[in-house]
Amino acid sequence: LFIATTLLSAAAAFSPARTSSPLRSVTSLDASKCGNFDFDVIIVGCGVGGHGAALHSRAQDLTTAVFSGNDVGGTCVNRGCVPSKALLAASGRVREMRDSAHLSEFGIEVEGEVKYDRAGVAGHAKQLANKVKGNLEGSLVALGVDIVEGRGVLTGTAHEVKDESSGKFYTAKDIILAPGSIPFVPPGVTVDEKTVYTSDGALELNSVPEWVAIVGSGYIGLEFSDVYTALGSEVTFIEALPNIMPTFDREIAKLAERLLIRERPIDYRTGVFASEVTPGIPGEKPVTIKMIDANTKEHVETLEVDACMVATGRVPNTQGMGLEDSGIETMRGFVAVDEKMRVLTKHEDGEVVPNVWCIGDANGKMMLAHAASAQGISAIENIVGREHAVNHDAIPAACFTHPEIAMVGPTEEQAIERAEKEGWTLGKSTGSFRANSKALAELEGNGMAKVLYNKDTGKVVAVHIIGIHAADLIQECSNAVAAGTTVQELSMMVHTHPTLCEVLDEAFKGAVGMSAH
């Protein structure tokens, strides 16, 4: 979902280094390229976005420094996408091996109880995060990127960044802000990261509660419900909006509710706020959750559970970055940028701040790690004079539950509104996993793919998938949106048989009146 540290954010401004320090690699202080600056580019934050920007910066032969804030890899690698996938992989194996009815259909029988070691599962996630973090850091050093371990902040002087740890100043012609985001904790919720925790604490897997409440039913909450129920927990979702999984396409959400919630030890409350959450003591005192009606604000219920996970979204990690000193106004912490990732002084009618860029979660355009990386690459393209703008409609997203959910482009509800506003006709075609040979061989026939397209031009507008390996299948669709490929063209492209991608082939062919075998 996420990227990186808490460091410099958007500001314009810095001056020649008052004090320079020797850094880790050897590309700095090359006056022939940097002029009066220490570097061509300074990147504040070293999550997936900052890392992607640094790699592309060096590919353009720009001298580059990254302020890591002692957090190479950022949220995604250390506290997000990467370790959560390890937990999902391990818990998924437990779920599969405990499903004797499913295994018996393969002719497989497992004798005795399937057990897991909680510490071992948690260790797998931690080991993976450390390995990926090491790989990221190694790639930066190998390419000659200077790594400043401290947190970078803007000083109010053009082209200048201060290392909060050492107090030293560094300068660059261009500064890219990539501070990432942190979990949002609503008012009234007390987090101790033991019995009441955000995704940061949940990834430690310090316990597997018998009953855990999850506040919020978005990507993060859904994935952890998958982990917890596989390991034996009961889950209760607490959702403020009227529908469970409110950000998903409605048709997909309804099918997901059947597959991921109704068939598991999960219940939910919708239209309510967790107005007060009080930590408990493991094994002694329960966590208390008071809920109020989202509309009337009247108390409706109090739950006592073993643990509570707060999955209510994320907020920019821009506080204390010196943005105000550089004339940059934020809105709820978000930094305003234009389509080229140039920082603006404010969200409404803001002016471009020269040579300052902001990518990733901090600009709020699309809070996904790979979106941050794409924005970082785009910023470098613009820095070297090749105009570029990221097409966010073509960036895919995925929820790694079992089965997975993936999408690119707007929901059907959003697409209907867009078609009416822009004056074109929306088309829809679906493919089913139930008719797919490979899915049936895996005994995973539940799921569907939905293709939304412009009937007037044939171009793919959006695709939504729920089913086995949906996160891998969505890439073909993302490429189609990015390239402006039509359903007519896609319907004539050959898909390997028997593979899961034939679910998409069925939908593409259906859009033009063809049938898929």
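Q: Buried means under 20% relative accessible area, exposed over 50% and partly exposed in between (1.4 Å probe, protein chains only). Is Phe 106 buried, exposed or partly exposed, then?

A: Phe 106 counts as partly exposed because its relative accessible area is 37%. Keep in mind that this is a predicted model, where local features need pLDDT of at least 70 and side-chain atom pairs count only at pLDDT 80 or more, while totals for chains, interfaces and linings use all residues. Residues are numbered from 1 along each chain as its sequence is written, and side-chain values use heavy atoms, with hydrogens and water left out.

Q: Good to know! Where is Phe 106 found?

A: Look in the loop that joins helix H5 (100-105) to helix H6 (118-142). Helices (H or I, at least four residues) and strands (E, at least two) are DSSP runs, numbered from the N terminus.

Q: Zooming out, how many helices and strands does the chain have?

A: There are 15 helices and 25 strands. The C-alpha atoms fill a box of roughly 70 × 65 × 50 Å along the principal axes.

Q: What share of the residues is buried?

A: Buried residues account for 55% of the 517 in the chain.

Q: And the largest nonpolar core, which residues have the most contacts inside it?

A: Those are Ile 42, Ile 43, Ile 176, Leu 177 and Val 343, in a core of 48 residues. A nonpolar core here is a set of buried Ala, Val, Leu, Ile, Met, Phe, Trp, Tyr and Cys residues joined through side-chain atoms within 4.5 Å. Apart from this one lies another core of 47 residues, including Phe 224, Leu 259, Ile 405 and Met 448.

Q: I'd like to click on Ile 176. What is it in contact with?

A: Skipping neighbours within four places in sequence, Ile 176 is in contact (heavy atoms within 4.5 Å) with Val 41, Ile 42, Ile 43 and Val 44, among others. Its contacts also include Ala 53, Trp 357, Ile 359, Ala 379, Ile 380 and Ile 383.

Q: New topic: prolines. Where does Pro 286 lie?

A: Pro 286 is in the loop between strand S12 (272-278) and strand S13 (287-293). With 31% relative accessibility, Pro 286 is partly exposed.

Q: What does Pro 286 touch?

A: Beyond neighbours within four places in sequence, Pro 286 is in contact with Thr 278, Pro 279, Gly 280, Glu 304 and Val 305. From C-alpha to C-alpha, Pro 286 is 11 Å from Pro 209, though 77 residues separate the two in sequence.

Q: Where should I look for cis peptide bonds?

A: One runs from His 402 to Pro 403, with omega near 5 degrees. Pro 403 sits in the loop between strand S21 (396-399) and strand S22 (404-408). Another joins His 497 and Pro 498, with omega about -5 degrees, and Pro 498 is in the loop between helix H14 (487-491) and helix H15 (502-511). Most peptide bonds are trans, and most residues other than glycine have a negative phi.

Q: On that note, what is phi for Asn 70?

A: Asn 70 has a positive phi of about 55 degrees, although it is not a glycine. This residue lies in the loop between strand S2 (64-67) and helix H3 (74-79), and counts as exposed because its relative accessibility is 55%.

Q: What about phi of Asn 355?

A: Phi is near 65 degrees there, a positive value again in a residue other than glycine. Asn 355 belongs to strand S20 (residues 352-358) and is partly exposed, at 25% relative accessible area.
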